Amino acid sequence: MTEALAGDLIVAAIVAPLLGALLATALPGAARGLGMAAALVTAMAGGGVTAGVFALGPMRIEPGGWGVPLGIALEANGLSAALLGMANLVALGTSVYATSYFGRADKAPHFWPLWLMLWASLNGLFLAADLFNLYVTLELLGLSAAALGALTGSREAVAANLRYLLVGLLGSITYLLGVALIYTGFGALDMAELSQRMAPGPLAASALVLMTAGLALKAALFPLHFWLPPAHANAPAPVSAALSALVVKAAFYLVLVLWTGLFASVVTAAAANLLGLLGAAAVIWGSWRALRAERLKLMAAYSTVAQIGYLFLFFPLLVAMPAGPGRDNLFVALVLMALSHGFAKAGFFLAAGLVQKHAGNDRIAELGGTAQRLPATTFAIALAGSALVGLPPSGGFIGKWLLMQGAVETAQWWWIAVVAAGTGLAAAYVFRVLGQAFGLEPTPIRFVTDARAELPALLLSLVSVGVLGLASGPLWVLLGFDGDAG
Amino acid sequence: MGAPGLSTLLPGAIVLSSLLPGVLIFLVKEESHVLRGVLNMFGAILKLILVGVLIWGVWLGQGFETRITIAPGLDLVLNADALSVLFVTLSTVLWLITTIYAIGYLEHSPNRSRFFGFFSLCVSATVGIALAGNLLTFVIFYEILTLATYPLVAHRGTPDATRGGRIYLAYTMSGGIVLLIGAVWLRALTGPVDFVEGGVLAGMPASAHGQLVAIFALLMLGLGVKAALVPLHGWLPQSMVAPAPVSSLLHAVAVVKAGAFGIVRVVYDVYGVEFAAQLGLLAMLGALASFTIVYGSVMALTQDGLKKRLAYSTVSQVSYIALGTSILGPVATIGGMVHLVHQGIMKITLFFCAGNYAETLGVHRVSQMDGVGRRMPWTTLAFSVGALGMIGIPPIAGFVSKWYLGLGGVEAEQYWVLVVLAASTLLNAGYFLPILYRAWFRPPPPKWPKEHVFPGRFETMGALLWPPVITALLCLVAGILAAAPFSPLEWATLIAQREYGL
């Protein structure tokens, strides 16, 4: 792959879904076909960018040739490429699933334009190289996500997603305030330029606090998670999958970029510990609520709260760990957990949607028969569930192993107790569902009943278990670490 | 052993030889008995052949290692040393026999594709545990075993089965988390923990000894759940709701044995038995094992349910392995190691027989067993061999184990071992002999609780009858020919020699 081709792919990953969205709006009758075609092209472009970064290393392009500060710059580095690759695979799987889930029903013409819009803003967010473009994509992402979430039109869905929309706006405004502070203080928005001008001080610190607070709200970090469970649980299944696996992850990606990149010199151990504490609370509280949830999708939504918590547990460790292989491992483990959760949660929600469709509801206590009639779907839930618990082999297991190892090495033992408690609770809520699948209902007729809907769920779950759990080595290469871990 | 690459592929192939058929079995339609049977037997026989090659190679001193790098510094290692060969062979042979038994046992019952799929995964995980070459690999397969066994325990789908499955999962999952913490801690302290004959930790500085003791406690806690060390044994009697082939596998090969095997691995190949003794860890383990031996036997005395009695007997008998491990000296080591095999073949015989009584006569309780010997002579003969072996009557395999354990205790001048053995033997006799008396000497009742007459000239279906008869024969052969080459005893001696560097 050449540099030029990789640059074109970066542009294509954003333009293709936008174009698809426009076409699907213009020709609602053909929305499904057009949407699926755009999805294929986008996923190939997104995957291509990841492959390009893997082969060639980080790259940066300035489309139009205007150059910073006038034009727009796009950048793909190891971290963004990793998330971009995951997001595009998950989005592709979700699209295939959606062709079956929505079919040609009256919701389909509304779904496809909004969905491609969301995808475009997501890709744009991962590829944006300056703080303002990040704001724009973040805002677009929030808007399209809330609109998609309300697609069922039920009263709960509309109420939950209206709240989601307002919370999202509040979050992005707070983030924008931080950006404004940065611009007044340092006179630049491009991250590469900013990182050279960045100096610790009250201004940078307050900007970081504002931006982090806004993003934490969008990433649903405890105690700012209150909006997430109703919004994610009431959305249509493919939308829930994208919201939980990708949209929340986008806000988290920004926090990570700011804390470990741009503001690395501003961050203090105390601040990182605060994030870690909130993460710990999220792990315990989210898992506990997931265990108490009576509906499958609500359970999955609370599990997202907990899983986001795990990601924040890494911050105090990253700050305490001296640079070197140990810190590299922690960073990769963090990305690995984010990716693993992305695949697993998407697979889980897609499978949960199928169960809901077949059973007519998603009350956990009543899904025994359905789970037993749909072996492939139940397997998807089982695989995704074990990745969420962090059972081996899965990306979640490797992530937790390295997380705990980092906690031992930096002598922060208390995080191990959090991980252990979270794992126990997660096992309890996952097996509360799976236990339903071993009842006295009749034997299933065949393994797969609805390939187009069941296979994406199964494959996404399988990636989180088989690929990330047994061959996570390439992630070290992608993120640019040599990985002689020792 | 000509072909290049065999030494790096064989351990992986042994795991895959049951894993891949298992995955395919899930996809098999419920009514395709023949295809499912072919897949099952193909995997079981292929594995047996591969293990045969492995035994020969290890006997000649050749090394086998499959290594997959999951991530930098985290390797999945499958490695064959003498100890892993012992466990691999046991599980492969008994898997073949149990598969035949299970095909007969589950004829006409629902969800067989699911059952045999998980059954194969369960054995793959066990073989993975046996071949694990480092602590990470061991933990991975140990957890997979938990997951693969749960659906088998809960298979019946009755409220009882669901409850048993939940209890099983609660215990083993908690144990798994504790084991994981111990493994991560050790990894952070020393780097990758490979299993090496003679141990790897003896060179650690004295300042780390406190941490090593704490890690040992965590590891034993995690392994003790599956090995059913008191007070972590609560799940075992509850999981008796599982179908008979599962109970057989659980008790003889897979779960309980995996815990015991893990204890052996940690003591010999991680800490090193001499270093463990020096840290005072063996005394701790020995006390726990002795208490478990006596407690399990006492509890077995009070059970009327046949499978429950056998379950408590397992609690007691598996701890012989831990007991042998906890005594410093090659003779005790031989006793513990050989019991790994002997307990397996004896206990699987007993569980097969219990399954036959239940399936053919509807007999589930000891108090219903009057005169079963007349109705089912072959099954009862096999049961008698297993039971007498458990008590330790020569020339059955169990005698060899107890002999070496006792001798090992004397050699190490730890005479309390003899007291434990004597007490346990008396108790064993106390709960097994009344069963034999009832079965052979009491008159049968006019009507069995739920009799099921199978066509053919035998007392029950062939697929149910031959497995216990064969394993009972194995118990006799292992006892009578204990000194023959490739007998379990000879192999245990080989292990002890390599562990102590003799």
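How many helices and strands are there in chain A? Chain A has 19 helices and 2 strands, where helices (H or I, at least four residues) and strands (E, at least two) are DSSP runs numbered from the N terminus. This is a predicted model, in which local features need pLDDT of at least 70 and side-chain atom pairs count only at pLDDT 80 or more, while totals for chains, interfaces and linings use all residues. Residues are numbered from 1 along each chain as its sequence is written, and chains are lettered from A and ligands numbered from 1 in the order in which they are written.

The C-alpha trace of chain A spans about 65 × 55 × 45 Å along its principal axes.

Chain A is divided into domain 1 (1–129), domain 2 (131–267) and domain 3 (281–486), with bounds that come from an automatic or database domain assignment. The centres of domain 2 and domain 3 of chain A, taken over C-alpha atoms, are separated by 23 Å. Between these domains, 22 residues of domain 2 are in contact with 27 residues of domain 3, contact requiring C-beta atoms, placed from the backbone, within 7 Å. On the side of domain 2 that touches domain 3, the elements giving two or more residues are α9 (228–234) and α10 (237–262) of chain A, and α10(A) gives the most, with 12 residues.

Note on methods: Two residues are in contact if their C-beta atoms, placed from the backbone, lie within 7 Å.
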